[in-house]
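Here are some notes for a colleague who will be working from the coordinates.

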Amino acid sequence: MMNLKSEQQRLFALMPQDARCFVKLCDDDRALWVSDLPRRTEDLQDLTVYGYHCELDEKSRLWYIDWTQERRQALLADLPTELPAFPPNERFHEAYALCRLWMNHPGHWNEDTAPIIRRVLKLTAQKEEKLLSAVPALTGLVAKQLRLGKTNAYPAGQILCEWLKQRKENDE
């Protein structure tokens, strides 16, 4: 599973230590992380070689950071492509249904699907209850996207699939 905390630490280690900046999970779905480094220095190094894409918001002077396409593809390549076994624990049934919905409608990471994929990824890094309580809204969003013929966020299903597998392993 993608460990956002260790990725955040890796990213922070790339920042100039004398800048005293923060790197934290982005509160919205615009990016995975956000940093105030551009407020601290004008000397911004290109982090692409390390697998990160940084977008500067000129107004707020914040860096919105995501993985580069190459790094993202490498990380997604390790995720499951088959549905997990149906969870015996009823509390995971809705999450399984959402996972099945995503997994049965192949799609890819693009401008339309990136926000929801980021949201699911960040939810898996939080307490279990946070993700489970977000499932009904996510299911409605996915159903709407499918009705409108938009690309499905298949990688979100892969991420949720891995999360469900980890829950099953913990139950055993």
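**Notes on the model**

1. Arg20 sits in the loop that joins α1 (4–13) to β1 (23–25), where helices (H or I, at least four residues) and strands (E, at least two) are DSSP runs numbered from the N terminus. Although it is not a glycine, Arg20 has a positive phi of about 55°. Most residues other than glycine have a negative phi. Arg20 is exposed because its relative accessible area is 71%, the classes being buried under 20%, exposed over 50% and partly exposed in between, with a 1.4 Å probe and protein chains only.

2. This is a predicted model, in which local features need pLDDT of at least 70 and side-chain atom pairs count only at pLDDT 80 or more, while totals for chains, interfaces and linings use all residues. Residues are numbered from 1 along each chain as its sequence is written, and side-chain values use heavy atoms, with hydrogens and water left out.

3. Arg61, in the loop between β3 and β4, likewise is not a glycine and has a positive phi, of about 60°. Its relative accessible area is 23%, so Arg61 counts as partly exposed.

4. Helix α6 (residues 128–147) contains Gln145. The 20 residues of α6 should span 28 Å at 1.5 Å a residue, and the end C-alpha atoms are 29 Å apart, which agrees; the expected span is 1.5 Å times one less than the number of residues. Just after α6, Gly149 takes a positive phi of about 75°.

5. Which residues of α6 are buried? They are Leu131, Leu132, Ala134, Val135, Leu138, Val142 and Gln145. An α-helix has 3.6 residues a turn, so residues three or four places apart point the same way. Gln145 counts as buried because its relative accessibility is 14%, and, leaving aside neighbours within four places in sequence, Gln145 is in contact (heavy atoms within 4.5 Å) with Asp112, Ile116 and Lys150.

6. His93 lies in helix α4 (residues 93–103) and is partly exposed, with a relative accessible area of 26%. Not counting residues up to four places away in sequence, His93 touches Phe86, Pro87 and Pro88.

7. The largest pocket holds about 380 Å³ of space. A pocket here is an open set of points on a 1 Å grid over the protein atoms alone, where a 1.4 Å probe fits, with protein on both sides within 12 Å along at least five of seven lines, and lining residues have an atom within 4 Å of a point. Grid points are joined across faces, edges and corners, and the volume is the space filled by probe spheres set on the points.

8. Of the 18 residues lining the largest pocket, His53, Asp66, Arg72, Glu111 and Arg118 lie nearest its centre. The elements giving two or more residues to this lining are β3 (52–57), β4 (62–67), α3 (69–77) and α5 (114–124), and β4 gives the most, with 4 residues.
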